[in-house]
Structures are given as structure tokens and as C-alpha cells.
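Here is a short report on one protein chain. Look at the sequence and the model first, then read on.

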Amino acid sequence: MPSGVRCIVTGHLLPGTTLPVLHVDGGGEWRLEMSWRYRRLIGRRVEIEGVRDNFDILNVVRAREAGPR
């Protein structure tokens with residue numbers, strides 16, 4: 001997926017060393033550039049809408065809690 005592509009992914013949001021990390025349902029992970037207002041979602045299953053910025057970074061446009069899998 002090239003940079004600049006908008007995507008929606010769902011998984012578990014966890015704290016990372018420099019950026020929060022989304023462990024995606026079905027495998028893989030993204031590091032997230034996100035606003036502090038979304039930090040309340042850490043530890044929960046979430047749906048992230050974002051724009052790919054780098055190999056494994058999404059710039060978050062919207063984040064919300066997702067229902068059970």
C-alpha cells in the first residue's frame with residue numbers, strides 16, 4: 001500500500017515505545033500518529049481510519065471503540 005492511501009483497520013490499541021501500536025485483527029500492526037484525545041482508547045479494541053505515512057505508520061483521522069470480534 002503506497003503512502004497517502006486512506007484506510008480503515010480494526011484491532012487492539014496498545015502503548016508503544018514512541019507511538020501507540022495497533023495490533024490488527026488477522027495479523028500485522030501499525031504505529032499510530034494520533035491526537036492525545038484518542039489515548040483513552042489504549043487497551044481497547046478499536047477501529048482506526050487513517051492515512052498511510054510511512055512503511056508502518058498511520059496518521060489517524062478518526063478512532064472509535066469497536067465492538068467485540
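Glutamate 49 sits in strand E4. Strands (E, at least two residues) and helices (H or I, at least four residues) are DSSP runs, numbered from the N terminus. Glutamate 49 is buried, with a relative accessible area of 16%. Buried means under 20% relative accessible area, exposed over 50%, and partly exposed in between (1.4 Å probe, protein chains only). Neighbours within four places in sequence aside, glutamate 49 is in contact with Arg6, Cys7, Ile8, Asn59, Val60, Val61 and Arg62. Contact means heavy atoms within 4.5 Å.

## About the model

This is a predicted model: local features need pLDDT of at least 70, side-chain atom pairs count only at pLDDT 80 or more, and totals for chains, interfaces and linings use all residues. Residues are numbered from 1 along each chain as its sequence is written, and side-chain values use heavy atoms, with hydrogens and water left out.

## The whole chain

The chain has zero helices and five strands. Along the sequence, the pattern reads β-β-β-β-β. The radius of gyration is 11 Å, close to the 11 Å from the globule rule for 69 residues, so the chain is as compact as a globular protein of that length. That radius is taken over C-alpha atoms; the rule is 2.2 Å times the number of residues to the power 0.38.

The C-alpha trace spans about 30 × 25 × 20 Å along its principal axes. Of the 69 residues, 38% count as buried. Take the contacts between residues at least 6 apart in sequence: 47% of them join residues at least 24 apart.

## The barrel

Five strands close into a barrel in the order E1-E2-E3-E5-E4, with mixed pairing. The twist averages 55 degrees from one strand to the next. Axes here are lines fitted to C-alpha atoms, for helices over the stretch in contact, and angles run from 0 to 180 degrees between N-to-C directions. Two strands pair if DSSP finds at least two bridges between them. Strands of a sheet pair through backbone hydrogen bonds, either parallel or antiparallel.

## Strand E4 and its partners

How many of the eight residues of E4 are buried? Seven are, so E4 is largely enclosed by the rest of the structure. E1 and E4 run antiparallel, joined by seven bridges. Valine 9 stands opposite isoleucine 48 in E4.

E4 and E5 also run antiparallel, again with seven bridges. Arginine 52 stands opposite leucine 58 in E5. A hairpin of four residues links E4 to E5.

## Valine 21 and strand E2

Valine 21 lies in strand E2. Valine 21 is buried, at 12% relative accessible area. E2 and E3 run antiparallel, joined by three bridges. Which residue in E3 is the bridge partner of valine 21? The partner is arginine 31.

Setting aside neighbours within four places in sequence, valine 21 is in contact with His12, Leu13, Leu14, Gly16, Glu29, Trp30 and Arg31. Valine 21 and glycine 11 are 10 residues apart in sequence and 9.7 Å apart in space, C-alpha to C-alpha.

## The core

The largest nonpolar core has 15 residues. Those with the most contacts inside it are Leu22, Leu32, Ile48, Leu58 and Val60. Strands E1 (6–14), E2 (21–24), E3 (29–33), E4 (45–52) and E5 (57–65) each supply at least two residues of this core. A nonpolar core is a set of buried Ala, Val, Leu, Ile, Met, Phe, Trp, Tyr and Cys residues joined through side-chain atoms within 4.5 Å.

Valine 60 touches Leu32, Glu33, Met34, Tyr38, Ile48, Glu49 and Gly50, not counting residues up to four places away in sequence.
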